[in-house]
Amino acid sequence: MTVHRKLMEARVRLQSIELKKSGLNKFAGYSYFELGDFIPAIQQIFYDIGLCGIVSFKSDYAELAIYDTEDGTMVMITSPMAEANLKGAHPIQNLGATESYQRRYLWMTALEIVEHDVIDSTAGTEAPKQTISPAAPPALPPVKPRPPAVIEGDDGDWMMKVTLRPSGSVEDWLAMVDEAAGLALQHATEKDDVMKIFRKNKQLFDAVKKTDADFFTVLMAKFTKVKNKFTETA
């Protein structure tokens, strides 16, 4: 059995296990998987079928190498690195938070763990009859401007730094910004923290708006949601 076949079997086995989300962002109002929610199950499955996963971190990306313990063949999963300086945290704590966040996303990507499924149910409804017209030629998607290779906020608490490798895509960069902002918002403890996260990294968010206005709108909605939660509980 090849390493790819074993990884596929591991994914299928994991899907048969009912995983429970223990992470809760009470201010943003959603639950999420923490590493401890799925790592024990994955490690047991990997042990049973002969796989071993090793996570390592580079300066601008993290990687998860999944080895076949029988023949040494390997599958590599990578994720761009994003940083966020959390308020009141020592540098080693910021590093630990970033690495834990990256480990979580690497394993979720490798095992195809999905947190949010949107199901549009149309059962019991009859689609209205429509007149079929000749389809217009599809419009080409606009080309998103490429952001700078490195953008970082002002020094101090809540500073975010996002690096885009030459081989990385604009979508990779936007995903990194989303991860860094999400990490910072998870550790915000008051409304003022949310405002500081934005102000400290305004240059970064301005670049997001210039690159993808729709993405910027969605990202700012997350900030607003967290800020409103603090306002309601004040």
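**Ground rules.** I am working from a predicted model, where local features need pLDDT of at least 70, side-chain atom pairs count only at pLDDT 80 or more, and totals for chains, interfaces and linings use all residues. Residues are numbered from 1 along each chain as its sequence is written, and side-chain values use heavy atoms, with hydrogens and water left out.

**Entry 1, H4 and H6.** I started with helix H4 (residues 170-186) and helix H6 (residues 202-211), whose axes come within 11 Å and cross at roughly 140 degrees. Helices here are DSSP runs of H or I with at least four residues, strands are runs of E with at least two, and both are numbered from the N terminus. The axes are lines fitted to C-alpha atoms over the stretch in contact, with angles from 0 to 180 degrees between N-to-C directions. That angle makes H4 oblique to H6 (under 35 degrees is roughly parallel, over 145 roughly antiparallel, 65 to 115 roughly perpendicular, the rest oblique). From H4, the contact uses Val170, Trp173, Leu174 and Val177; from H6, I noted Leu204, Phe205, Ala207, Val208 and Thr211. Contact means heavy atoms within 4.5 Å.

Next I asked which residues touch the most other members of the largest nonpolar core. They are Trp173, Val177, Ile197, Phe205 and Phe223, out of 28 residues. H4 gives this core its largest share, nine residues. A nonpolar core is a set of buried Ala, Val, Leu, Ile, Met, Phe, Trp, Tyr and Cys residues joined through side-chain atoms within 4.5 Å; buried is under 20% relative accessible area, exposed over 50%, partly exposed in between, using a 1.4 Å probe and protein chains only. I also checked Phe223: beyond neighbours within four places in sequence, Phe223 contacts Ala181, Leu185, Val194, Ile197, Phe198 and Phe205. Another core of 26 residues lies apart from the largest one, with Val3, Leu35, Leu51 and Ile77 among them.

Is Glu63 buried or exposed? Glu63 is buried, at a relative accessible area of 13%, and sits in strand S4 (residues 61-68). Not counting residues up to four places away in sequence, Glu63 touches Ile54, Val55, Ser56, Lys58, Met76, Ile77, Thr78 and Leu106.

I found Met108 in helix H3 (residues 91-110), buried at 9% relative accessibility. Met108 and Phe38 are 70 residues apart in sequence, yet their C-alpha atoms are 8.9 Å apart.
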